[in-house]
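Biologist: I would like to learn how to read a structure feature by feature. Where do we start?

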Amino acid sequence: MKVEIDPESGFCFGVLSAIGKAEEELRCDQQLYCLGDIVHNGMECDRLQGLGLKTINHDQFAELKDAKVLLRAHGEPPSTYNTARKNGITLIDATCPVVLKLQQRIHKQYRQLDPATQQIIIFGQKGHAEVLGLVGQTDGTATVIESADEIDRIDFNKDIFLYSQTTKSAASYNHLIEKITQKLPQGRSFIHNNSVCGQVSHRGENIREFARRHDVILFVSGRKSSNGKVLFGECLNVNPRSYLIEGRQDIDLEVLNNAESVGICGATSTPKWLMEECRDYILKLRIEN
């Protein structure tokens, strides 16, 4: 049996940068908080917790004074920065540059918006950390829709400015754009912005090709990962023998029966060491059997 790890899978630039900043700070100062899970992967969060990183929620953040807090790659709304200034909190801002640029674009659009005739729509997962940060750029006024099935929530009597969460599927975003275009009444404008991360979009194409090359696909990802859900869906579309696992403990040996090749891949929030651990576990069992 051949076992291959997808060389394109693993942490994206934004996550790598955030984890690198956390590790650097922890080497110098053992007291570092992170606002929310630094990455949507429980095992990586456990590893960093072992180094001293303490994860807190927004309620706990509001109670902190004179502390040091890391902002993860997902980004935060303006209210978080206001709280930090008020409470004397030192921020280690690891917001992904792609997300930061999108926040700035939405904020600029919001400042120019005429709410009587115009609206901002964000295509994304409700409650997702990145989406909360994007909505925060509009003082909470933007409408969030998760799929083309929700376009009735859009007010078609107003002009539409559409943005996407950076980790959404480019194909799903394009489908939504088509649906809105078809329903748009005459005399109304529709501006859609290309805000899907190029690295994420490229990974969709790559992972489909990788999934086709193998009999069985083990997709390693945290269950909370929005990007993981998108990329696992890409695998499943081209290879029905694709399985979502969080780590080696989830590997069912029966699904590997009659497989000559096994592909291991993951999300932008999946660490390389975790995929390697899954590979080594399979190879060890193969040797023992």
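Biologist: Leaving aside its neighbours within four places in sequence, which residues is Ile38 in contact with?

Modeller: Keep in mind that this is a predicted model. For a contact list, take residues with heavy atoms within 4.5 Å. Beyond its neighbours within four places in sequence, Ile38 is in contact with Ala18, Ile19, Ala22, Cys45, Leu48, Leu53, Leu70, Arg72 and His74.

Biologist: Which residues have the most contacts inside the largest nonpolar core?

Modeller: That core has 20 residues. Those with the most contacts inside it are Val15, Ile19, Leu32, Ile38, Val39, Leu53 and Leu70. H1, S2 and helix H2 (42–51) each supply at least two of the core's residues. H1 gives the most, with five.

Biologist: How many of the eight residues of helix H6 are buried?

Modeller: Buried means under 20% relative accessible area. Seven of the eight residues of H6 (129–136) are buried, so the helix is largely enclosed by the rest of the structure. The buried ones are Ala129, Glu130, Val131, Gly133, Leu134, Val135 and Gly136. Their cover includes H4, H5, strand S6 (118–123) and strand S7 (143–145).

Biologist: On to pockets. What is the volume of the largest pocket, and which residues lie nearest its centre?

Modeller: Read the volume, then the lining. The volume is about 320 Å³. The lining has 25 residues, and Cys12, Val15, His74, Thr167 and Thr268 lie nearest the centre. Helices H1 (13–28), H5 (97–111), H8 (198–212) and H9 (226–238) are the elements that give two or more residues to this lining. The largest share, three residues, comes from H1.

Biologist: How do the residues of that lining divide into nonpolar, polar and charged?

Modeller: The lining divides into 11 nonpolar, 13 polar and one charged.

Biologist: Now phi. Which value does phi of Asp139 have?

Modeller: Phi of Asp139 is near 55°, a positive value in a residue other than glycine. Asp139 sits in the loop between H6 and S7. At 62% relative accessibility, Asp139 counts as exposed. Asn258 also calls for a look: its phi is near 65°, again positive in a residue other than glycine. Asn258 lies in the loop between strand S11 (242–245) and strand S12 (261–266). With a relative accessible area of 77%, Asn258 is exposed.

Biologist: Where is Arg188 found?

Modeller: Arg188 is in the loop between helix H7 (170–183) and strand S9 (190–192). Its relative accessibility is 29%, so Arg188 counts as partly exposed. Neighbours within four places in sequence aside, Arg188 is in contact with Thr117, Phe156, Asn157, Lys158 and Asp159. Arg188 and Glu130 are 58 residues apart in sequence and 29 Å apart in space, C-alpha to C-alpha.

Biologist: Which residues is Arg105 in contact with, leaving aside its neighbours within four places in sequence?

Modeller: Those residues are Tyr163, Asn193, Asn194 and Ser195. Arg105 lies in helix H5. At 30% relative accessibility, Arg105 counts as partly exposed.

Notes. Residues are numbered from 1 along each chain as its sequence is written. This is a predicted model: local features need pLDDT of at least 70, side-chain atom pairs count only at pLDDT 80 or more; totals for chains, interfaces and linings use all residues. Side-chain values use heavy atoms; hydrogens and water are left out. On a 1 Å grid over the protein atoms alone, a cavity is a set of points where a 1.4 Å probe fits but cannot get out, and a pocket is an open set with protein on both sides within 12 Å along at least five of seven lines; lining residues have an atom within 4 Å of a point. Grid points are joined across faces, edges and corners, and a volume is the space filled by probe spheres set on the points. Helices (H or I, at least four residues) and strands (E, at least two) are DSSP runs, numbered from the N terminus. Ala, Val, Leu, Ile, Met, Phe, Trp, Tyr, Cys and Pro count as nonpolar, Asp, Glu, Lys and Arg as charged, and the others, Gly among them, as polar. Buried means under 20% relative accessible area, exposed over 50%, partly exposed in between (1.4 Å probe, protein chains only). A nonpolar core is a set of buried Ala, Val, Leu, Ile, Met, Phe, Trp, Tyr and Cys residues joined through side-chain atoms within 4.5 Å.
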